[in-house]
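Please keep the sequence and the structure in view while reading.

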Amino acid sequence: MASFTLQGIPVSRGIAIGRAHLLRPAALDVKHYLVAQELVEAEVLRLQNAIAQVHVELQAIWADLPQDAPTELGAFLDVHALILSDPMVSEAPLDIIRTRHYNAEWALVTQVDELSAQFDEIEDDYLRERKADIQQVAERVLKVLTGSSSQVPSSDGIDERTANMVVVARDISPADMMQFRDVAFTGFVTDEGGQNSHTAIVSRSLGIPAVVGMGNASQLIEQDDWLIIDSDAGVVIVAPPTMVLEQYRERQALLLKQRKKLSKLKKTPAITQDGVEITLLANIELPGDATPALEAGASGVGLFRSEFLFMERSGEQHQLPSEEEQFDAYRKAVLGMKGRPVTIRTLDVGADKPLEAAEHNILNPALGLRAIRYCLAEPQLFLTQLRAILRASAFGPVKILIPMMAHGFEIEQTLQLIAQAKKELTAEKKEFDADIPIGAMIEIPAAALALPMFVKKLDFLSIGTNDLIQYTLAIDRADHEVAHLYDDLHPAILQLLQIIVSTAEKAGIPLSICGGMAGDLRLTRLLVGMGFRELSMPAALLPEIKQAILNTRFDTLQPYVKKILRSYDSVVIQETLGNMEALGKTLH
């Protein structure tokens with residue numbers, strides 16, 4: 001067949017070469033028919049039994065996790081078990097069977113489609129992609145209902161086709177990924193997903209190349225097609241010519257050699273060749289992420305997103321996580337970092353990330369009741385989380401990071417609630433760090449321009465570049481029609497970053513950057529040259545960023561940085577950035 005190339009979203013690094021193994025979604029095989037009244041309860045029982053069987057399957061997979069499995073897998077399996085128990089998944093389809101007389105498969109798909117539509121309205125990338133969790137749970141139930149057999153090849157008799165298998169699917173659940181643990185798969189290609197999908201997160205943890213969000217790759221690629229995944233470029237080459245295949249095999253061997261070399265930098269401090277030390281931190285979503293971050297050489301956690309504890313936990317049937325549950329999760333992360341600091345961002349939900357389905361009617365969710373605004377509107381919920389974080393601080397260094405602050409009164413009210421939490425814990429004789437640092441995320445232009453208001457009352461600052469870019473350029477980064485306008489090198493963004501760096505340096509207040517820019521290798525030298533001394537990123541990116549810093553002289557960066565900051569011409573900015581990168585290679 002003729003060779004062709006597909007473009008998607010790169011979510012990990014590296015090159016994979018192998019044969020395509022297609023996973024067909026069970027939802028495509030769903031039949032739609034009406035059930036007679038006298039058979040309705042039998043159909044209800046059929047769905048209930050299928051759900052119960054999936055519960056057993058998930059428990060068995062979780063119990064059978066190998067010791068070297070990424071910690072994310074166990075956490076994601078727990079999330080899937082919670083979703084399966086949620087009345088919106090386990091009970092609502094039963095009502096559809098009883099009221100509309102739909103067969104079990106049709107009822108389940110109908111309910112899941114409705115839930116998925118609600119998730120599509122969520123602005124935040126990470127939480128919007130959690131709709132995939134619901135779809136993946138439903139997929140497992142549908143496989144039971146339809147009697148679909150496992151699509152994973154047996155580990156017995158592995159031949160050339162399966163020895164280097166590239167999994168191609170609409171989407172892949174954590175449980176499905178575990179089915180491949182005994183098979184030599186080398187990469188993932190999915191139609192759906194983004195930077196924060198489970199396929200993306202787990203592939204980064206496993207160090208396996210993956211490209212997601214490819215639209216219709218699973219329909220264009222045929223079983224056993226030879227594939228090349230270039231996950232640096234987000235490209236999948238189908239049926240590559242022999243010459244191209246050999247070129248990529250050479251590149252793959254070189255990358256493997258480089259990766260082994262980078263692994264030796266784990267304990268090496270990130271210091272430029274002229275003695276400027278940079279602290280490299282990890283972004284995590286789950287308590288279990290702390291250990292892999294430590295193993296990757298992180299000096300601490302620069303951003304622990306606490307939202308995962310609140311996912312799928314709302315409604316009358318599911319109470320929000322208790323103080324004890326939150327405390328246990330935060331404590332695990334703190335202990336996992338073994339004395340290195342853990343920065344916990346308080347709950348960043350509301351409006352665009354609703355805890356209740358009724359909250360989906362916000363006209364402009366990105367500008368609505370979210371993050372600190374939501375927490376101050378729900379002081380008891382906020383106080384509970386603050387108490388849990390404070391208690392975890394008794395087990396190691398912890399920092400509290402408050403998202404989306406813009407007003408002085410938000411700072412005052414937050415500090416008052418933290419003081420109240422401390423007072424309550426003291427009265428209850430519960431230990432905590434009385435001097436725990438309190439910081440703000442700078443992710444709104446108003447906060448960047450009014451920074452003196454923050455540095456007077458807070459202990460540290462952390463820049464969330466994703467939202468800062470979105471709000472500054474008035475671009476919904478989830479809208480594909482304007483995604484090409486999302487520009488982290490826009491002169492306005494660079495000017496705001498320089499204002500923040502200069503103000504923080506003048507005030508003597510610690511500053512980190514934890515957004516997407518911190519983990520972008522092409523921007524590392526620019527950020528260092530601008531004065532950033534703490535960078536927080538996904539743990540898998542740490543070795544390459546560290547190597548770039550080790551191959552840098554701070555004093556040689558200044559002319560390039562000044563030229564970039566003076567320019568309002570995107571071509572000049574890109575060329576100067578390229579020259580700065582070339583300078584780093586000459587020092588290598």
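Predicted model: local features only at pLDDT ≥ 70, side-chain atom pairs only at ≥ 80, totals over all residues.

Are Phe304 and Tyr330 buried or exposed? Both are buried.

## Aromatic pairs

A search of the whole structure turns up three aromatic pairs. In one of them, the ring centres of Phe304 and Tyr330 are 5.9 Å apart. Their planes meet at 80°, so this pair is edge-to-face; the cut-off for that class is over 60 degrees. The pair links distant parts of the chain. Phe304 belongs to strand β10, residues 301-305. Tyr330 belongs to helix α14, residues 323-336.

Another pair joins Phe327 and Phe395. Here too the centres are 5.9 Å apart, but the planes stand at 50°, so the pair is tilted. Phe395, with a relative accessible area of 40%, is partly exposed.

## Charges over rings

The charged end of Arg331 sits over its ring, 5.6 Å from the centre. Elsewhere, Lys399 lies over the face of Phe460. Its distance from that ring centre is 5.2 Å.

## Nonpolar cores

In soluble globular proteins, nonpolar side chains tend to be buried together. In this model, the largest nonpolar core has 98 residues. Which of them touch the most other members? They are Phe454, Leu461, Leu526, Phe532 and Leu535. Helix α16 gives the core its largest share, eight residues.

Leu526 shows what such a position contacts. Neighbours within four places in sequence are left aside here. Leu526 then touches Leu489, Leu494, Val561, Ile564, Leu577 and Met580.

A second core is separate and holds 33 residues. Among them are Val30, Val89, Ile122 and Leu145.

## Cysteines

How many disulfides does the structure hold? The count is zero. A disulfide would be a covalent bond between the sulfur atoms of two cysteines.

Cys375 is at 0% relative accessibility and counts as buried. Cys514 is buried as well, with a relative accessible area of 3%.

Methods: Residues numbered from 1 in each chain as written. Heavy atoms only, no water. Phe/Tyr/Trp six-rings, centres within 6.5 Å; stacked < 30°, edge-to-face > 60°. Helix = DSSP H or I, 4+ residues; strand = E, 2+ residues; numbered from the N terminus. Buried < 20%, exposed > 50% of the residue type's maximum accessible area, 1.4 Å probe, protein only. Lys NZ or Arg CZ within 6 Å of the ring centre and 35° of its normal. Core = buried A, V, L, I, M, F, W, Y, C linked by side-chain atoms within 4.5 Å. Contact = heavy atoms within 4.5 Å. Disulfide = S-S within 2.5 Å.
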